[in-house]
Amino acid sequence: MNEVGIKKIIATVSDKTGYHKDDVDVVFRCIFETIMEALVRGDRVVIPKFGTFKLLLKQPRECVDPRYGTKRMSNFKAVIKFEQARRYKDQLANLTNPELD
């Protein structure tokens with residue numbers, strides 16, 4: 001499986017739309033900056049036909065260090081959760097792993 005980074009995404013969008021890569025880069029980064037700002041405010045970000053981003057706040061909890069068996073408290077965590085739109089869930093459900101076949 002290949003990894004697709006921001007440069008590849010920007011180049012692909014630039015090729016498909018005819019916009020300059022620098023312009024696409026500015027828009028791309030602005031979109032994600034806006035999503036992050038909304039999540040930090042505690043808002044859910046809904047992108048129709050794509051999915052929903054929301055921030056989960058995980059409270060500290062008691063856990064056991066597997067190495068030493070000692071109990072300790074975990075740290076507070078803020079985690080971004082993404083729930084994909086149903087159409088993508090259905091698409092991905094029909095995939096098969098060629099490495100397992």
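R29 counts as partly exposed because its relative accessibility is 47%, and in this predicted model R29 forms a salt bridge with D25 in which the closest N and O atoms are 2.7 Å apart. Both R29 and D25 belong to helix α2, where they are four residues apart, about one turn of the helix. D25 has a relative accessibility of 22%, so D25 likewise counts as partly exposed.

| Salt bridge | Closest N and O atoms |
|---|---|
| R29 and D25 | 2.7 Å |
| R41 and D43 | 3.0 Å |
| K71 and E62 | 3.8 Å |

In the pair formed by R41 and D43, R41 counts as exposed because its relative accessibility is 59%, whereas D43, at 33%, counts as partly exposed. K71 and E62, for their part, are both exposed.

Helix α2, which spans residues 21-41, also provides four residues to the lining of the largest pocket, the largest share of that lining. The residues that line this pocket are F28, I31, F32, I35, I47, F50 and F53, and by class the lining has seven nonpolar residues, with no polar and no charged ones. The space in the largest pocket amounts to about 220 Å³.

On the surface, V4, I9 and V13 form a nonpolar patch, and together they have about 220 Å² of accessible area. V4 is found in the segment before α1, the helix of residues 6-17, and V4 counts as exposed because its relative accessibility is 53%.

Key:
Residues numbered from 1 in each chain as written. Predicted model: local features only at pLDDT ≥ 70, side-chain atom pairs only at ≥ 80, totals over all residues. Heavy atoms only, no water. Patch = residues over 30% accessible without salt bridge, like charges linked within 9 Å, V, L, I, M, F, W, Y side chains within 5 Å. Areas by Shrake-Rupley, 256 points an atom, 1.4 Å probe, with all protein chains shown as cover. Salt bridge = Lys/Arg side-chain N within 4 Å of Asp/Glu carboxyl O. Helix = DSSP H or I, 4+ residues; strand = E, 2+ residues; numbered from the N terminus. Buried < 20%, exposed > 50% of the residue type's maximum accessible area, 1.4 Å probe, protein only. 1 Å grid on protein atoms, 1.4 Å probe; cavity = no way out; pocket = protein on both sides within 12 Å on 5 of 7 lines; lining within 4 Å. Points joined across faces, edges and corners; volume = space filled by probe spheres on them. Nonpolar A, V, L, I, M, F, W, Y, C, P; charged D, E, K, R; others polar.
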